[in-house]
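Q: Hi, could you walk me through how the two chains in this structure meet?
A: Happy to, let's bring it up.
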Protein chains: 2
Amino acid sequence: MESSRSTARPVGRGAKVRAAVHAATLAELVDKGYAALTVEGVAQRAGVHKTTVYRRWKDRESLLVDALAEHLAADVPVPDTGTVEDDLRALARSLVQSYTSPTGRAVLAAMFTGAAHLPEIAAAGGHVFRDRLTRAEPVVRRAVERGELPVGTDPGEVLRTLAAPVYLRLLVTGDPVDETTADQAARVTLAAARAGAFAPPDADADAAAP
Amino acid sequence: MESSRSTARPVGRGAKVRAAVHAATLAELVDKGYAALTVEGVAQRAGVHKTTVYRRWKDRESLLVDALAEHLAADVPVPDTGTVEDDLRALARSLVQSYTSPTGRAVLAAMFTGAAHLPEIAAAGGHVFRDRLTRAEPVVRRAVERGELPVGTDPGEVLRTLAAPVYLRLLVTGDPVDETTADQAARVTLAAARAGAFAPPDADADAAAP
């Protein structure tokens, strides 16, 4: 996926084409699914010639990876409400929203089932996840600075714990995913974090901190 | 998946054939992957004629679902060590072991990626998960009875939280999954459970109980 992003960032008409093709790729994915996704179909929907698409992306896989990465990078805003409780709840709700919209469902299906046999797509799934995680880490660091969570709390572990039940339901159990799922994930994560379960074991002594 | 199980339970030679065919199915899955799995290949490996296989299973999908269900049902023993901490750790370690063996990796790939477009397989994944969960619920109920966890703690939610980070790593992030993953999952789950995060909100008052 780096290959298609390492080119100079397009501007002007290039950027518009790029955005239109990305949008068309996701729309085709929603309407037809991964298996039926074609460069021709994307080009037609975007209103460009397919050679325009092939000039920028070598095949439908690199196009899809690029569109997914762009969509997912923009998709989960990082909150800063002033309290860790509200921040974690907002993050979990955004994650739920991003995967329960029609586009989100299609993106998830493409990344984790339909196209999961493609190493680039599997890598993109992991990459996007880590990218979102890194961007959200300030939520935890601010909470530690405010004294809401024990010193030494690992932001990555906190955020993985927050996201894990959402993915479990989406990918494994098929149980409904909604705001209740998000709020419960935030509640569990916060309780464990306050108890020091994301800090080195010797930091457990701080568990009683508010 | 019920269709293939609703026939009378085989005994004697029937049971032996069934076990041999199940084992051959999993072995073929490990060696060749889901896409290359054929009834012919399974029959040959099991040392039976393919009509013997077709007499019991209508196609490779029902064979696979049946073999997966049998394998996974037998695969994660339910511990009873006397403390919730050790029980949760043992459960998480068993889960990790079951999915990091060569058979486990192949089973996971078949259920959640390779064959995930087959409704029967997707349903089998969810079914197996719920089945394992139900069998492990006594771990939590015993902990509540012993006073280790607050009254009202939801066993299903505890166990989903325990399993979620393992699946997240296996299916989403691709991060390594090992004993440390299991122990951390147990630590986080236990901390949240002790704090009352799996009990109704008004039970949070019990959070300070040991």
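Q: Thanks! How many salt bridges are there between chain A and chain B?
A: There are four salt bridges between chain A and chain B, counting a side-chain nitrogen of Lys or Arg within 4 Å of a carboxyl oxygen of Asp or Glu. Keep in mind that this is a predicted model, where local features need pLDDT of at least 70, side-chain atom pairs count only at pLDDT 80 or more, and totals for chains, interfaces and linings use all residues. Residues are numbered from 1 along each chain as its sequence is written, chains are lettered from A and ligands numbered from 1 in the order in which they are written, and side-chain values use heavy atoms, with hydrogens and water left out.

Q: Which residue does Asp175(A) form a salt bridge with?
A: Its partner is Arg130(B), with the closest N and O atoms 3.9 Å apart.

Q: And which element gives the largest share of the side of chain A that touches chain B?
A: That's helix 9 of chain A, with 11 residues; helices here are DSSP runs (H or I, at least four residues), numbered from the N terminus.

Q: New topic: how much area do chain A and chain B bury between them?
A: About 2500 Å², with 63% of it on carbon and sulfur atoms. Buried area is the accessible area (1.4 Å probe) that two parts lose on being put together, summed over both.

Q: How many residues are in contact?
A: 32 residues of chain A are in contact (heavy atoms within 4.5 Å) with 32 of chain B. The copies meet through the same surface, because 100% of the interface residues of chain A are also interface residues in chain B.

How values were computed:
Helix = DSSP H or I, 4+ residues; strand = E, 2+ residues; numbered from the N terminus.
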